[in-house]
Amino acid sequence: RLMKLLRPIAPAIHLRLVACPRDGTDADLLLHSCTPEGPVPEAKETVAGPDSDVHNLKLGNQTILIVEPTMKRLYALLERLAPSDIALLIQGETGCGKELAASAVHHFSKRKDRPLVAVNCAALPENLAESELFGHERGAFSGAVTSKPGLFETANGGTLFLDEIGELS
């Protein structure tokens, strides 16, 4: 019906319906799928469909379902990196799964029996950030009626995940 209405005012109009993940999993591929040429044939391999190979990754009490080949390669890389003692910087947009990646590193590491402490640094008030991260002794400031271990001490021997660390002053 839409084509019938638009054809008199735009005779060269084309209408295509694309859906994620069937026709693509990123904006560029979806936009290209809308063109008369259609989807790029080699891109079809990266599209998650009903017959896709789903990998279930069990991390403690949670399970991550991984479909995309890129994510499978990422988690394989995290598994290879985890046994080392190097510090990792995990970057990505909000909601892309940085905390899940940190959880995977912790789970694959020799530290997995020790605590995994995740803290959203954006939620720490600026005047309390130092006390939360490094702890304080009783009487260190007004209101400090007891000693409190910091998050670094709490995670000692385990993993400390500092989410949104760029928000700290």
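Visitor: Is Leu-74 buried, partly exposed or exposed?
Guide: This is a predicted model, where local features need pLDDT of at least 70, side-chain atom pairs count only at pLDDT 80 or more, and totals for chains, interfaces and linings use all residues. Residues are numbered from 1 along each chain as its sequence is written, and side-chain values use heavy atoms, with hydrogens and water left out. Buried means under 20% relative accessible area and exposed over 50%, with partly exposed in between (1.4 Å probe, protein chains only). Because its relative accessibility is 33%, Leu-74 counts as partly exposed.

Visitor: Good start! Which helix holds Leu-74?
Guide: Helices here are DSSP runs of H or I with at least four residues, strands are runs of E with at least two, and both are numbered from the N terminus. The chain has six helices and six strands. Leu-74 lies within residues 69-81, which is helix 3.

Visitor: And how much of the chain is buried?
Guide: The chain has 169 residues. The buried share among them is 24%.

Visitor: How confident is the predictor on average over the chain?
Guide: Confidence is given as pLDDT, the predictor's score for each residue from 0 to 100. Residues 42-47 stay under 50, while 90% of the residues score at least 70. The chain average is 83.

Visitor: How many contacts beyond four places in sequence does the model have for residues 42-47?
Guide: A contact means heavy atoms within 4.5 Å. For residues 42-47, the number beyond four places in sequence is eleven.
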